[in-house]
Amino acid sequence: MKPKIVVSSLDMDRLEALLDALPDAQARGQDALFEELSRAEVVEPAEMPPDVVTMNSRVRFIIDDTAEEFDMSLAYPKDIDGSAARLSILTPVGSALLGLKVGESIDWTRQDGATFTVTVRDLVYQPERAGELHR
């Protein structure tokens with residue numbers, strides 16, 4: 001069973017617009033994110049809990065209980081600049097992280113059918129917590 005997720009109304013509106021604009025060739029990634037958004041609790045940005053991964057958050061996470069910890073910002077595709085510090089919401093890991101709280105894990109299926117577990121270790125920065133409600 002997947003954990004409950006929380007998404008801001010601003011992120012939801014932007015992500016729905018992004019999904020609507022994607023070409024059919026990206027439908028697999030689109031379906032996974034759409035499914036994730038369909039089970040989200042939507043809150044206003046000012047009401048976002050301070051420990052939830054939102055768009056533009058900088059998050060530390062691990063994959064499959066490895067010793068390696070990643071520190072990346074969850075980004076819209078238009079903001080991906082080739083930097084290793086940004087993770088697109090359209091990637092499997094990006095979609096899995098959205099809406100999770102610090103300490104939570106989720107099992108996720110990649111496009112090739114393999115599964116992995118993502119665990120949120122820390123939320124270094126969250127726009128809503130910083131008062132940036134309309135970024």
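Let me start with strand β6, which has a covered face, made of I106 and W108, and an uncovered face, made of S105, D107 and T109. This is a predicted model, in which local features need pLDDT of at least 70 and side-chain atom pairs count only at pLDDT 80 or more, while totals for chains, interfaces and linings use all residues. Residues are numbered from 1 along each chain as its sequence is written, and side-chain values use heavy atoms, with hydrogens and water left out.

Now the sheet. A strand here is a DSSP run of E with at least two residues, and a helix is a run of H or I with at least four, both numbered from the N terminus. Two strands pair if DSSP finds at least two bridges between them. Strands of a sheet pair through backbone hydrogen bonds, either parallel or antiparallel.

The sheet is open, has 5 strands in the order β5-β4-β3-β7-β6, and its pairing is mixed. Which strands stand at the edges? They are β5 (86–88) and β6 (105–109), and each has a single partner strand, so one side of each is left without a neighbour in the sheet. On average, neighbouring strands of this sheet are turned by 45° against each other, direction ignored; the axes behind such angles are lines fitted to C-alpha atoms, for helices over the stretch in contact, and angles run from 0 to 180 degrees between N-to-C directions.

Going through the pairs, β3 (residues 58–63) runs antiparallel to β4 (residues 69–75), with 5 bridges joining them. R58 has S73 in β4 as its bridge partner. β3 also pairs with β7 (residues 115–125), antiparallel, over 6 bridges, and there I62 stands opposite T119. β6 and β7 are antiparallel too, over 5 bridges, with D107 bridged to T117 in β7. The hairpin of these two strands has 5 residues between them, and G113 takes a positive phi near 95° in this hairpin.

Next, the aromatic rings. The structure holds 1 aromatic pair. The rings of F61 and F70 have centres 5.3 Å apart and planes at 20°, so the pair is stacked. For the cut-offs, rings of Phe, Tyr and Trp (its six-membered ring) pair if their centres lie within 6.5 Å, and planes under 30 degrees apart count as stacked, over 60 as edge-to-face and the rest as tilted. Is F61 buried or exposed? F61 is buried, at 1% relative accessibility, and F70 is partly exposed, at 24%. Buried means under 20% relative accessible area, exposed over 50%, and partly exposed in between (1.4 Å probe, protein chains only).

Last, the charges. There are 8 salt bridges in the structure, a salt bridge being a side-chain nitrogen of Lys or Arg within 4 Å of a carboxyl oxygen of Asp or Glu.

One of them joins D71 and R58, at 2.7 Å from N to O. D71 lies in β4 and R58 in β3, so the pair ties together parts that are 13 residues apart in sequence. D71 is partly exposed at 29%, and R58 is partly exposed at 32%. R58 and D71 also belong to a network of salt bridges with R60 and D122.

R39 pairs with E36, their closest N and O atoms being 3.2 Å apart. E36 is buried at 1%, whereas R39 is partly exposed at 28%. For R86 and D81 the closest N and O atoms are 3.8 Å apart; R86 is partly exposed at 35%, and D81 is exposed at 51%.
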